[in-house]
Amino acid sequence: MSFLTRVANKLLPDTAKEKIIKHEAKKLVNDKLKLDGELDKHVDALAEKVMGKVDASAIFDAKDIYDKFKAAKSSKD
């Protein structure tokens, strides 16, 4: 996923990055809390608030770093 995250960060426009971030955030919340989209509007609002302070590219970079640490931890175990 790290390679795909870097490619998406370089090639996609900011609006597409924001849509991907919102989709992934909603998916994670729904999976974690076992919801069927009941909080999607709230998750969208929170994502927009975060993206208002942090650029979408920075979020993709953070995701790339997180993936690298996660892969290093799993290969260490």
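Predicted model: local features only at pLDDT ≥ 70, side-chain atom pairs only at ≥ 80, totals over all residues.
Figure 1. Pro13 and Ala62 are separated by 49 residues in sequence, while their C-alpha atoms are 17 Å apart in space.

**Figure 2. The helices of the protein chain.** The protein chain has 4 helices and 0 strands, so that its pattern, read along the sequence, is α-α-α-α. Its C-alpha atoms fill a box of roughly 35 × 30 × 20 Å along the principal axes, and 22% of the 77 residues count as buried. The mean pLDDT of the chain is 88, with 96% of residues at 70 or more; among the elements, helix H1 (residues 2–11) has the lowest mean pLDDT, 80, whereas helix H3 (residues 40–53) has the highest, 92.

**Figure 3. The largest pocket and its lining.** The largest pocket has a volume of about 530 Å³, and of the 19 residues that line this pocket, Ile21, Glu24, Ala25, Ile59 and Lys63 are the closest to its centre. Each of H1, H2, H3 and H4 supplies at least two residues of the lining.

**Figure 4. The salt bridge between Lys27 and Glu24 in helix H2.** The side chains of Lys27 and Glu24 meet in a salt bridge with an N to O distance of 3.6 Å. Because Lys27 and Glu24 are 3 residues apart in helix H2, about one helical turn separates them. Lys27 counts as partly exposed at 37% relative accessibility, and Glu24 counts as partly exposed at 30%.

Figure 5. The side chains of Asp67 and Lys63 meet in a salt bridge at 2.8 Å, N to O, and being 4 residues apart in helix H4, Asp67 and Lys63 are separated by about one helical turn. Asp67 counts as buried, at 13% relative accessibility, whereas Lys63 counts as partly exposed, at 35%. Lys68 and Asp64 also meet in a salt bridge, at 3.6 Å from N to O, and both lie in helix H4, 4 residues apart. Lys68 is partly exposed, with a relative accessible area of 45%, while Asp64, at 8% relative accessibility, counts as buried.

**Figure 6. A nonpolar patch on the surface.** Leu46, Val50 and Val54 form a nonpolar patch on the surface, and together they have about 240 Å² of accessible area. Val54 is found in the loop between H3 and helix H4 and is partly exposed, with a relative accessible area of 34%.

Note on methods
Residues numbered from 1 in each chain as written. Heavy atoms only, no water. pLDDT = per-residue confidence, 0-100. Patch = residues over 30% accessible without salt bridge, like charges linked within 9 Å, V, L, I, M, F, W, Y side chains within 5 Å. Areas by Shrake-Rupley, 256 points an atom, 1.4 Å probe, with all protein chains shown as cover. Salt bridge = Lys/Arg side-chain N within 4 Å of Asp/Glu carboxyl O. Buried < 20%, exposed > 50% of the residue type's maximum accessible area, 1.4 Å probe, protein only. 1 Å grid on protein atoms, 1.4 Å probe; cavity = no way out; pocket = protein on both sides within 12 Å on 5 of 7 lines; lining within 4 Å. Points joined across faces, edges and corners; volume = space filled by probe spheres on them.
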